[in-house]
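Look at the structure first, then read on.

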Amino acid sequence: MTSISDSPQATSGSYEHLVQPARVHGSLYTNPAIFAEELEKIWFKTWVFIGHESEIPTPNDYVRKKLATQDVIMVRGRDDEVHLLINRCAHRGLQVCDDQSGNSSSFRCPYHGWTYRNTGELLGYPYNKGYGGKNKLELGMGKVPRVGVYQGFVFGSMSEDGPSLEEHLGAAAGEIDRLVGLSPDGKVSLDAGWLGHKTRSNWKFLAENETDGYHPQFVHGSIFGVTGSPIGALYSDASTAVTRALGSGHSENDLRPEFRKFAEPMRWFGTTPDRVPKYAAAMEKAYGDDADRRMIEGAPHVMIFPNLFIAEIQVFNIQPVAVDECVQYSTAVQLSGAEELNRRMISQSIGSVGPAGMLLADDTEMYERNQRGVQLLDPEWLDVRRGLGREQQDDDGFTIGAATDETGMRGFWQHYRSMMEA
């Protein structure tokens with residue numbers, strides 16, 4: 001057994017001794033210094049998912065959000081643009097906004113009464129003689145330097161320059177398009193309410209797990225057995241589904257080959273067109289001959305680096321708190337023009353990832369056991385070699401593996417290393 005003093009460490013910005021093609025070192029999940037470096041090089045550098053435009057539908061609507069350790073106010077200005085403000089007064093650093101959501105054209109700090117427009121500019125402050133009679137100091141609330149919106153999904157970057165949002169998303173943008181394309185109106189909403197689940201685990205365990213097709217039969221086997229769900233069979237050696245690394249740390253479990261095999265519209269949702277006739281008719285009216293394909297292939301199962309997970313009928317927002325703690329926010333997808341589906345999406349989301357939800361309870365138990373286990377001394381490494389010898393390239397040049405392979409994890413770690421060494 002290697003002693004702690006002999007353990008590989010990241011030095012001079014190199015992570016080659018911690019992130020290797022078939023294994024990653026346990027300190028990546030437990031070292032506070034590495035976590036601090038992740039904040040700087042990943043969370044405060046790349047594009048991070050914040051929320052959705054549907055949460056602030058009218059001018060002056062706002063909602064509190066997180067960008068890693070930063071408290072952010074997502075607000076729709078009078079100009080109808082989405083702004084991301086850092087929730088901190090320019091005077092003495094107090095949190096300006098205490099409410100979780102609301103509608104206001106300005107924010108007033110409760111400490112000394114400094115007032116800001118909802119776009120961050122300083123409006124004024126009491127007793128201006130103390131500042132030489134000046135009506136306005138050149139101060140304001142901090143802002144997330146770059147804000148990007150794709151299909152209503154709002155992203156922020158703390159870096160003033162870098163790849164565009166479209167460049168960051170790359171092929172993963174097509175998976176968001178797939179989700180939106182299940183709406184007869186071509187729109188989705190994430191306004192059903194978010195549930196926050198605090199997990200005593202490093203955030204990367206969650207990101208790895210989201211497209212890990214190896215675990216469902218074991219972690220969720222009891223649920224599949226009780227409910228008679230066919231989902232388990234999608235993640236087996238017999239499955240024709242594939243795991244795909246989409247580049248830039250993004251990955252997906254592509255279940256479409258299985259659904260195409262049956263060619264049954266709405267099988268992905270566990271129903272049939274005759275049970276959701278209004279939705280089926282609206283899809284046919286909107287998309288014509290392409291409606292059947294959309295309803296057969298269903299919604300995506302995609303992890304978008306570093307923190308957006310779209311799991312068919314629900315969306316997750318992962319935010320780190322500390323090296324051994326994170327919060328996973330979840331909400332049900334709502335498809336515009338699909339009321340028959342939306343009611344079920346909410347009820348199924350409650351049953352799977354709600355406060356007493358079965359799926360998330362299973363996963364969280366694994367995350368927290370992972371965190372406890374990885375602090376033990378031997379073995380030091382976590383193995384990610386599954387399927388390495390049978391990977392292929394698909395027609396678009398992306399690396400794919402079998403349904404239970406760790407292809408997505410390896411793609412995640414390759415991009416992670418490139419960012420940490422940049």
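Phe-412 and Tyr-416 sit four residues apart in helix α13, about one turn of the helix. This is a predicted model. Phe-412 has 4% relative accessibility, so Phe-412 counts as buried. Tyr-416 has 0% relative accessibility, so Tyr-416 counts as buried too.

## Rings that pair

The count of aromatic pairs comes to 19. Take Tyr-29 and Phe-205: their ring centres are 4.1 Å apart and their planes meet at 10°, so this pair is stacked. Tyr-29 lies in the loop between β2 (23–25) and α1 (32–43), while Phe-205 lies in helix α4, so the pair ties together parts 176 residues apart in sequence. Both Tyr-29 and Phe-205 are buried.

Phe-412 and Tyr-416 form a stacked pair as well, with 6.3 Å from centre to centre and 20° between the planes. Ring pairs link a whole cluster, including Tyr-15, Tyr-29, Phe-205, Phe-412 and Tyr-416.

## Charges over rings

Which ring lies under the charged end of Lys-204? The ring of Tyr-29 does, with its centre 5.5 Å from that charged end. The charged end of Arg-386 sits over the ring of Tyr-214, 3.9 Å from the ring centre.

## The cavity

The structure has one cavity of 30 Å³ or more. The largest cavity holds about 40 Å³ of space. Its lining includes Ala-207, Glu-208, Met-409 and Phe-412. Helices α4 (203–209) and α13 (407–420) each supply at least two lining residues. α13 gives the most, with three. By class, the lining has four nonpolar, four polar and one charged residues.

How values were computed: Residues are numbered from 1 along each chain as its sequence is written. This is a predicted model: local features need pLDDT of at least 70, side-chain atom pairs count only at pLDDT 80 or more; totals for chains, interfaces and linings use all residues. Side-chain values use heavy atoms; hydrogens and water are left out. On a 1 Å grid over the protein atoms alone, a cavity is a set of points where a 1.4 Å probe fits but cannot get out, and a pocket is an open set with protein on both sides within 12 Å along at least five of seven lines; lining residues have an atom within 4 Å of a point. Grid points are joined across faces, edges and corners, and a volume is the space filled by probe spheres set on the points. Ala, Val, Leu, Ile, Met, Phe, Trp, Tyr, Cys and Pro count as nonpolar, Asp, Glu, Lys and Arg as charged, and the others, Gly among them, as polar. Rings of Phe, Tyr and Trp (its six-membered ring) pair if their centres lie within 6.5 Å; planes under 30 degrees apart count as stacked, over 60 as edge-to-face and the rest as tilted. Buried means under 20% relative accessible area, exposed over 50%, partly exposed in between (1.4 Å probe, protein chains only). A charge sits over a ring if NZ of Lys or CZ of Arg is within 6 Å of the ring centre and within 35 degrees of the ring normal.
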